[in-house]
Amino acid sequence: MKLRINLKSLVKLRLLLLLPVIFFMSKQLWLTWQGYTDCAKNVKSCIVAPWGTDFITTYGTRYTQINQFLTTPTRIGYYGEPGESFGMWANNYVLSQYFMAPHVLEDKKANDTILYNLYGSQNPALISSQFLQQGWHILKDFNNGLILLSKTN
Amino acid sequence: MFLLAFIAPIILGILFTNYYLGKLQLATPVLSVSIAVGVGIGLSSIIFITLNLIHIPALVIFIAEFAGIAYCWWKHRNLFLFTSATTTPLSSIGKIAAALGITALLATLFIFFADTTKDPHGLYDAWSYWNLRAKFISRAPYDWDNLFQYLYFFHGDYPLLHSGFIARGWLFLQQETVWVPIFTAFIFTFATVALLYAAVAHFAGKTAGIIAALCMLCTPFYMVMGDSQYVDSPAGYFFLITLVLFALADKESERQPYLYLLAGVAAGLSAWTKNEGLLFIAVLYAARITILFFSNRKHLFYELKYISLGLLPILFLIIYFKVMIAPANDLLAEGNESAASKLKDMGRYAFIWGWFKLKIIDFGKWYTNPWWLLVLYALATGFNFATNKRTLFFGLMVIAMMATGYFFIYVTTYIDLTFHLSTSLHRLFFQLLPSFLFIYFVSLKSPEYWLKR
């Protein structure tokens, strides 16, 4: 039996090679979609209802009062929960800066004003006694873990 | 309502792009629009920041923007029109790819908004750097340039395209809505796909264009990068525009000053987006000078003149920002002393190379090694080096030099190497992905080539 290879069969062979490419892409798309099928079945509860309930937005509601309290851009020393890990400190520090811009939060710098972000304990008793002994006083406790200390009146 | 903030920038982009591309009658509407939207956002950010720095009130800037558009409408209405494209019917394989393409587009649109609902402020880099700095600009429009020096921890030295544009949107709307950064990310994510499709279709046929766009849409991590509001997608988008414009210029038999100028603007906008854009500019000049030195020395100064004409105004703004406003770059400030000893440490080279290999194989979170798809596609269509030789050499040089540049940033970094590589290398590769796919598909024959035989 003679094996005949003509140009048309070569073309077909080439185009056949394209099918696995499209198959692999389709499969990847299908696999990615699997993570969203539940969401697609109930768009309202998945996309519309949870809007604005994410961690960052919720975290930001704590800063409404303090932003109203501080009127002009200020440089403020930042202190977090005593003994927190670096990861926790960094996350809360950056989030505080995100919601308090254009006030500049500076890590553990004793400017004229200091912000204590006691996001977990919300306990003013955890404020380092060294500040209160050195003439600092609580300027405003926002009753949500955010406490401003001041050296001046 | 938030869409109002995008009207002027997009029209500005269309006017600017059509002014340069419209003269050539070679750009299809998809190609023009996909270039116009990003360029418009970039230019709008530059205009806003420049005028803001000389303390012109935001309201005056917005009135000037719309007055400029109204003037163009009155004087140059043809700039609002697109070149009509000649449509060629799709092949059978092209129809299959198109059906998958539309499905992929609808699925990724849904995924984009589903992910956005979970994280409307984006992921860490978005809110801790880009959107945070936008808040500084919009909340203290006359003071932010004095405050950025204190943002060392928050990368106050990163360029301002994204933050400036978002701040502009918030000031325009008088409201800090998350929809401005979300829609900005949306535009860049999908404009990159549209541009890749249109550019590959222009050079290698529609089916190839659709498959190239599918490569982006089907890569799981590409959409994550987009809806996370990371700025690597816009950087990759401007890299792609630059290479596409050079490819268009190289295809023309006559000199194309407008394309070089627009390419210069796009390269400048990439540096106004991310610091990697500065490396891109250096690489662009090095690659272009090399190519022209060996192929067409007469063109060398002519091209460089027009590229620089588009690039330099943006570069001046970047230099002003870096010197007068921004804090020092952490990689430069902290890495200088130990960089020399790190350059001699061969262990670092081997370690970084290992990560490069790992991230290339494990690219984009595909369920299988995606590079086999490109090999299969090349086997199916065959290579076509002859037609766009200069574009291919130039594009490959740019991509290779960029990857080498990234490699040496890691060699000299002061940050813990594993941490630095694991948090950024995949994003750097994504910056190069659209350009790589463009060059790859342009180097191959189109499936239509075989069907015609």
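Reader: What pLDDT does chain B average?
Author: This is a predicted model. Chain B averages a pLDDT of 90, and 96% of its residues score at least 70.

Reader: Where in chain B is confidence lowest, and where highest?
Author: Lowest in helix H20(B), residues 447-451, at a mean of 74. Highest in helix H7(B), residues 161-173, at 96.

Reader: And the ipTM and pTM scores?
Author: ipTM is 0.88 and pTM is 0.93.

Reader: On to the interface. How many residues of chain B are in contact with chain A?
Author: 43 residues of chain B, against 36 residues of chain A.

Reader: Which element gives the most on the chain B side?
Author: H4(B), with 12 residues. Other elements giving two or more include H5, H9 and H20 of chain B.

Reader: What's that side made of, by class?
Author: On the side of chain B that touches chain A, 32 residues are nonpolar, 5 polar and 6 charged.

Reader: Switching to chain A. What's the strand order in the sheet?
Author: E2-E1-E3-E5-E4, an open sheet of 5 strands with mixed pairing. E2(A) and E4(A) each have a single partner strand, so one side of each lacks a neighbour in the sheet.

Reader: How do E1(A) and E2(A) run, parallel or antiparallel?
Author: Parallel, joined by 4 bridges. Tyr78(A) stands opposite Asp107(A) in E2(A).

Reader: Which helix packs on the sheet?
Author: H6(A), residues 86-100, touching E1, E2 and E3 of chain A. Its direction makes about 160° with that of E2(A).

Reader: Back to chain B. Why is H1(B) largely enclosed?
Author: Because 14 of its 18 residues are buried.

Terms used: Residues are numbered from 1 along each chain as its sequence is written. Chains are lettered from A and ligands numbered from 1 in the order in which they are written. This is a predicted model: local features need pLDDT of at least 70, side-chain atom pairs count only at pLDDT 80 or more; totals for chains, interfaces and linings use all residues. pLDDT is the predictor's confidence in each residue, from 0 to 100. Two residues are in contact if their C-beta atoms, placed from the backbone, lie within 7 Å. Ala, Val, Leu, Ile, Met, Phe, Trp, Tyr, Cys and Pro count as nonpolar, Asp, Glu, Lys and Arg as charged, and the others, Gly among them, as polar. A residue is buried if 20 or more other C-beta atoms lie within 10 Å of its own, exposed if 12 or fewer, and partly exposed in between; C-beta atoms are placed from the backbone. Two strands pair if DSSP finds at least two bridges between them. Axes are lines fitted to C-alpha atoms, for helices over the stretch in contact, and angles run from 0 to 180 degrees between N-to-C directions.
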